[in-house]
Amino acid sequence: MSDIPEELKYTREHVWVKVEGDVAVIGVTDYAQEQLGDILFVELPEADEDISAGDIFTELESSRTTSEVAAPVSGTIIESNEELDDSPELINEDAYANWIIKVRLFDDSELDELLSADEYEAGLEE
């Protein structure tokens, strides 16, 4: 079974969120990187862009496919993980240490719509 840290929130689309005050740190789950295979490219969005929950904020190109990744929350992108430009495979090495973007939240009540680790794991088992 994939690694599913308890302290994070999740979407059914295999995106994780770590909340740090009014900032959401966002990446893809261990399960997602396993399904994608070797990640070859991550399209990083620009800082200062506003995104809404459900908007596509990045594409991940892997040895198997290209996958769009939807934002789990709304906010302003304050940082993209520039390390992924040169080393996209970092997501394969540790999906939870290698976030994709950080977003200043518009509405933290959106976090209530996300899944707990147990809910996410139950969804994987269905």
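**Exercise 1.** In what order do the six strands of the open sheet stand, and which strands lie at its edges?

*Solution.* The structure is a predicted model. Step one: read the order of the open sheet, which is 1-2-3-9-8-5, with antiparallel pairing. Step two: take the edges, where strand 1 (9-10) and strand 5 (50-51) stand. Each of these has a single partner strand, so one side of each is left without a neighbour in the sheet.

**Exercise 2.** Describe the pairing of strand 3 with strand 9.

*Solution.* Step two: locate a facing pair; Ala-24 stands opposite Val-103 in strand 9.

**Exercise 3.** Identify the residues with the most contacts inside the largest nonpolar core, and the elements that supply this core.

*Solution.* Step one: the core has 27 residues, and Ile-26, Val-42, Leu-60, Ile-91, Ile-100 and Ile-101 have the most contacts inside it. Step two: the elements giving two or more residues to this core include strand 3 (23-28), helix 1 (30-36) and strand 9 (101-105). Step three: examine Ile-101, whose contacts include Ala-24, Ile-26, Phe-57 and Ile-77. In soluble globular proteins, nonpolar side chains tend to be buried together.

**Exercise 4.** Characterise the lining of the largest pocket.

*Solution.* Step one: the space in this pocket is about 190 Å³. Step two: 13 residues line the pocket, and Glu-13, His-14, Ala-32, Ser-67 and Glu-68 lie nearest its centre. Step three: helix 1 and strand 7 (66-70) each give two or more residues to the lining. Step four: by type, the lining comprises eight nonpolar, three polar and two charged residues.

How values were computed. Residues are numbered from 1 along each chain as its sequence is written. This is a predicted model: local features need pLDDT of at least 70, side-chain atom pairs count only at pLDDT 80 or more; totals for chains, interfaces and linings use all residues. Side-chain values use heavy atoms; hydrogens and water are left out. A nonpolar core is a set of buried Ala, Val, Leu, Ile, Met, Phe, Trp, Tyr and Cys residues joined through side-chain atoms within 4.5 Å. Buried means under 20% relative accessible area, exposed over 50%, partly exposed in between (1.4 Å probe, protein chains only). Helices (H or I, at least four residues) and strands (E, at least two) are DSSP runs, numbered from the N terminus. Contact means heavy atoms within 4.5 Å. On a 1 Å grid over the protein atoms alone, a cavity is a set of points where a 1.4 Å probe fits but cannot get out, and a pocket is an open set with protein on both sides within 12 Å along at least five of seven lines; lining residues have an atom within 4 Å of a point. Grid points are joined across faces, edges and corners, and a volume is the space filled by probe spheres set on the points. Ala, Val, Leu, Ile, Met, Phe, Trp, Tyr, Cys and Pro count as nonpolar, Asp, Glu, Lys and Arg as charged, and the others, Gly among them, as polar. Two strands pair if DSSP finds at least two bridges between them. Lists of a residue's contacts leave out its neighbours within four places in sequence.
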